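Here are my notes on the two-chain model you passed along.

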Amino acid sequence: MSTFSIIGKRIPKPDAIPKATGQIIYGHDVKVPRMLYGKILRSPLPHARILHIDTSRAERLSGVKAVITAKDLPPRRFGYGRDRTPLKGDKVRRCGDEVAAVAAIDEDIAEEALELIRVEYDPLPAVFDPQAALRPDAPLIHEDRESNLFRHQEYVHGEPDRALEEADVVVEDEFDLGYVQPAPLETSFCLAAFDASGKLTVWSTTQIPFLLQKDLSEALGIPGRDIRVIQTAIGGSFGRGLDMYSFEPICVWLARKAGRPVRLAFTRQEEFAVSEARQSMRIWARAGAMRDGRLWVREAKVLLDNGAYVSWGTVTTLVLMETIGSLYRVPHARVVYDSVYTNNPITGAVRGFGNPQGTFVVEVQMDRLAEAIGMDPLEFRLRNANRPFEETPQGIKITTCGLTECLEEAARRIGWSEKRAAPSRRGAIARGVGIAATMNVGGGARIYRSDGCGCIVKVDDFGRVTVLTGATEIGQGSDVVVVQIVAEELGIRPEEITIVNDDTAVTPWDVGVHASRTTFIAGNAALRAARQVKAQILETAEELLGASAAELELRDGYVRIREAPEQRIPFDKVVRARHFRQGGQVIIGHGWYDPHNEMLGPDGKGNISATYGFGAQAVEVEVDVETGKVRPLRVVSAHDVGRAINPMYVEGQIEGGTVMGLGYALSEHLQVHEGRVLNLTPFDYRMPTIMDAPPIETVIIETDDPEGPFGAKGVGEMGTNPTAAAVANAIYNAIGVRINSLPITPEKVLRALKERGS
Amino acid sequence: MRFFEYYAPKTLDEAIQLLVRHGEGAYPLAGGTDLVTKARYGHLRPRVIVNLKRIPGLNDIAPEEDGGLRLGALVTLAEIARSLLMGERYPLLAQTARKMGSVLIRNLATVGGNLCNAAPSADMAPPLIALGAEAVIVGPRGERRVRLEKFFHGPGQTELRHGELLTAIRLPPPRPRTRGVYLKHIYRQAMDIAIVGVAVLLQFDEQEAIAEDARIVLGAVAPTPLRVPEAESVLIGAPLTEDRRLEAARRAARAARPIDDTYSSAWYRREMVGVLTRRALEHLVSHSPER
């Protein structure tokens, strides 16, 4: 629609230049006077009783200002499972568990102090295999629980047992999906300071500033109203910041005990060793179809390894359930899952949040079913694609849905029909193409009591507009999107808008950045606030222009009569006319948007999001059959995003997500042996480099969502979801070998080829 | 990283004296890409760091009278990659340098550092050994020279005694009709350390049909770079048929003594020695594209 002046424009983020020129202030850059450096002593053992902690030598070290153990902290638990204290007093349940902490005048002294702390452990039998953890004789990790099972849930629609018998073909697979790390460039960080009145300010890289207030309050007994969270510029997050971790209350308590501000930042090794990873999952799955091309049934049993403590990440099973239950039309489905405690590293939220795992299962089996009934996998997908304005048996109310267009575009642009029919082979090099789709919540996801976001828009008497939004910016572009929405509504240039999005003392509440929700939810809140401002402007302009509000429009910095645009007044002049007079008013609008979505019931059903995003990725790969090495040559990623408020950042999200998906597919793997992380550096962890990123062609499909701000839906996570499945399918197309465990390393490919005897 | 003393001597003598005086815990610093990383990750705790970069003469690429070349220990990988002299006389080394680290790392990392760090996967070692390079070592008792093949004693261990420095690599004059290739097997396109590295150097006869000399040196499959004479011998003095190439590859794979680690299994490493050796020979014989 060409009637927009700002929506759809490729405008750089407000922080683009400060970031590119190095002027931005990240958490690690922040220094405050009298600041101390905090360090945490961590358990070297995966499971052990703590017999004794002696901190006396550390306390005597010159330069040490505070040493704390569990005894210093209020006996309060925190976390999604209420299963941990910030410092562990009785026993440790994983390698890296927090045992003591120090604050000192510099990092060297803090490190030295840690070495002076003596901890006596009594090792306990540990369990690292989630299946073994469920056995009755397994070591119990949390003594106040009856077993290591955290949650068992079953989801059913239709009659899956009967359907599996009815189906003409049934495929069955076991999937083994390993740990990966979000691995943001900026490691975890916290800076805590109390003022003279005892009020706490925390500088943080959190994704949930308002819930962090609450979490800190619960963990430490400090009233929430005395806690202010300031978010520094965040150097990547990808889900890491969705939970409060132990280091945050520890940092606060060090500051309280030392009576000075304390900064606590992870080393890169700590980041890999103890920050939350994507859940490793073992999934056994069956799927059935009819020979005429109807997808008939799906069944999955999921074993999720939470690690030693449960975080919000355990909710990933809900997302996985949704993918298995509702991606494509499937009349019968069952998902059973056990989420289990082990002595492994803790797991949490990572972009896609269960969806990459679920999509891998669904899309590998879609290919297998198509093959079993002798149908082209694209054709099979198109026949079963979700349609617009259709409710799935799960209770998911799909509104706009461009899945068919996404599949068709991705396939067309990769050259599906020619390449699929004749996968090429030259010497040792085989080529193939694969496709996979994704469905992702695109209108929030109600997993908390509120899924809302607040926004305030104020205008000063020079016409500068300030937007105060609860939406967190983690690099995804929420700042520019909110600015564009307000600019469009008020008919002003984005440069005239200042956005404030980093301070709980200033901005209205928001549940946090997750579920690809920010454009949709914060965008709607901003739109509501801007509409109030617009109404106030129009009210005054009516008097000044002698026309009714219905005849007026805000455009290009003026209020003007739509039919006689030469009759106009500058925006700022209207603002002053309203302000500087007897009984005048300043212009402030506020908006609150909480979507009409539902929390899932105990049966796993309900409309969790106000709308859904769809996408499809087609990948062409090259496989070296002598080394097993897979090289992605090209990716086409087509996404229904409702409307692209800023196409540049939509592309950025999809490209970044795709590369993250390629890492998941091919190279990234947090290697864990007996609870210990083995690869602790970016070097050993093998995230894709820019040299590994193939050309990615992004296709934006606009379906103009009725509920979205200017028609927009969320896109943040979608790029990551289908990639591994598309790559696995392309590998199969190239060499006829299926690898159901991630990452698909050259070694796995070569072994599989040798076993098949090629 | 913990507190350390830092020196930046201007002469070699001074540097050696500093290292001798401070004993264990004193480390020479070249590019720093290994030392600083290890110190930061806590694998090393240097008490004293002696920066060698202010010492003149350690970073030259200098032609020698016999037609060989003296490669200063502090020459960076980037310089090796772009040096015209290297490209002309020892293209194998320029090509190897380009396969290491990333642009940023190559700008810092030095050839001497790569060798002295003595990782079994050090990329510079196999091609330099294949070329017959010699290490020039200077210490409290003066200069000595060691064939690079004898320089490595084990992972992180070299011929260097405390207080000694590797100051240069001496390369013999390039031999006529010689072609070499270094194949490095990694998962990513950059940054990875070699899962397997294979350097092959062949000297052909006048007709370019028969190899008069052959060198095969493997990296990352033994505690030190591994020369494989039993594979080399198959290739010398007879036409380089496919059968001979395969046999050489088989012998190289057999000779490898790889381990399992987080990068790869021993099984896979051995497989890759075979594949890479065969491919290197194919490339040199038939000018087929390098893979």
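The points below go from each chain as a whole to the details and then to the contact between the chains.

1. Ground rules. This is a predicted model, in which local features need pLDDT of at least 70, side-chain atom pairs count only at pLDDT 80 or more, and totals for chains, interfaces and linings use all residues. Residues are numbered from 1 along each chain as its sequence is written, while chains are lettered from A and ligands numbered from 1 in the order in which they are written.

2. Chain A overall. I get 20 helices and 32 strands for chain A; helices (H or I, at least four residues) and strands (E, at least two) are DSSP runs, numbered from the N terminus. Its radius of gyration is 27 Å, close to the 27 Å that the globule rule gives for 758 residues, so chain A is as compact as a globular protein of that length. For the record, that radius is taken over C-alpha atoms, and the rule is 2.2 Å times the number of residues to the power 0.38. Along the principal axes, the C-alpha trace of chain A spans about 85 × 75 × 50 Å.

3. Burial and contacts in chain A. Of the 758 residues in chain A, 60% are buried. A residue is buried if 20 or more other C-beta atoms lie within 10 Å of its own, exposed if 12 or fewer, and partly exposed in between, with C-beta atoms placed from the backbone. Take the contacts in chain A with a separation of 6 or more: residues 24 or more positions apart account for 80% of them. Contact here means C-beta atoms, placed from the backbone, within 7 Å.

4. Chain B overall. Chain B has 11 helices and 14 strands. Its radius of gyration is 19 Å, close to the 19 Å from the globule rule for 291 residues, so chain B too is as compact as a globular protein of its length. Its C-alpha atoms fill a box of roughly 60 × 45 × 30 Å along the principal axes. Buried residues come to 48% of the 291 in chain B, and 62% of its contacts between residues at least 6 apart in sequence join residues at least 24 apart.

5. Domains of chain A. The assignment, which is automatic or from a database, gives domain 1 (16–23 + 452–593), domain 2 (31–124 + 192–261) and domain 3 (280–445 + 600–756). The C-alpha centres of domains 1 and 2 of chain A lie 40 Å apart. Where these two touch, domain 1 supplies 15 residues and domain 2 supplies 14 residues. The domain 1 side divides into five nonpolar, six polar and four charged residues. In this count Ala, Val, Leu, Ile, Met, Phe, Trp, Tyr, Cys and Pro are nonpolar, Asp, Glu, Lys and Arg are charged, and the others, Gly among them, are polar.

6. Strand S5 of chain A. S1(A) (residues 36–42) pairs with S5(A) in the antiparallel sense over six bridges; strands pair if DSSP finds at least two bridges between them. Within S5(A), Glu98(A) stands opposite Arg42(A). S3(A) (residues 64–69) also runs antiparallel to S5(A), joined by five bridges, and Ile68(A) stands opposite Ala101(A).

7. An open sheet. Three strands of chain A form an open antiparallel sheet in the order S4-S2-S6. S4(A) (91–92) and S6(A) (118–123) are the edge strands, each pairing on one side only. S2(A) (residues 48–54) and S4(A) are joined by two bridges, with Ala48(A) opposite Val92(A).

8. Helix H16 of chain A. In H16(A), residues 571–579, the buried residues are Phe571(A), Val574(A), Val575(A) and Arg578(A). They sit on the same side of the helix because they cover an arc of only 100° around its axis, the arc being that of the directions from the helix axis to the C-beta atoms. Their cover includes helix H15(A) (518–545) and strand S25(A) (564–570).

9. The A–B contact. How many residues of chain A are in contact with chain B? There are 21, in contact with 17 residues of chain B. H3(A) (107–116), H18(A) (682–685) and H20(A) (746–756) each give two or more residues to the chain A side, and H20(A) has the largest share, three residues. That side divides into six nonpolar, eight polar and seven charged residues.

10. One residue in H20(A). Arg756(A) lies in this helix and counts as exposed because it has 11 C-beta neighbours inside 10 Å.
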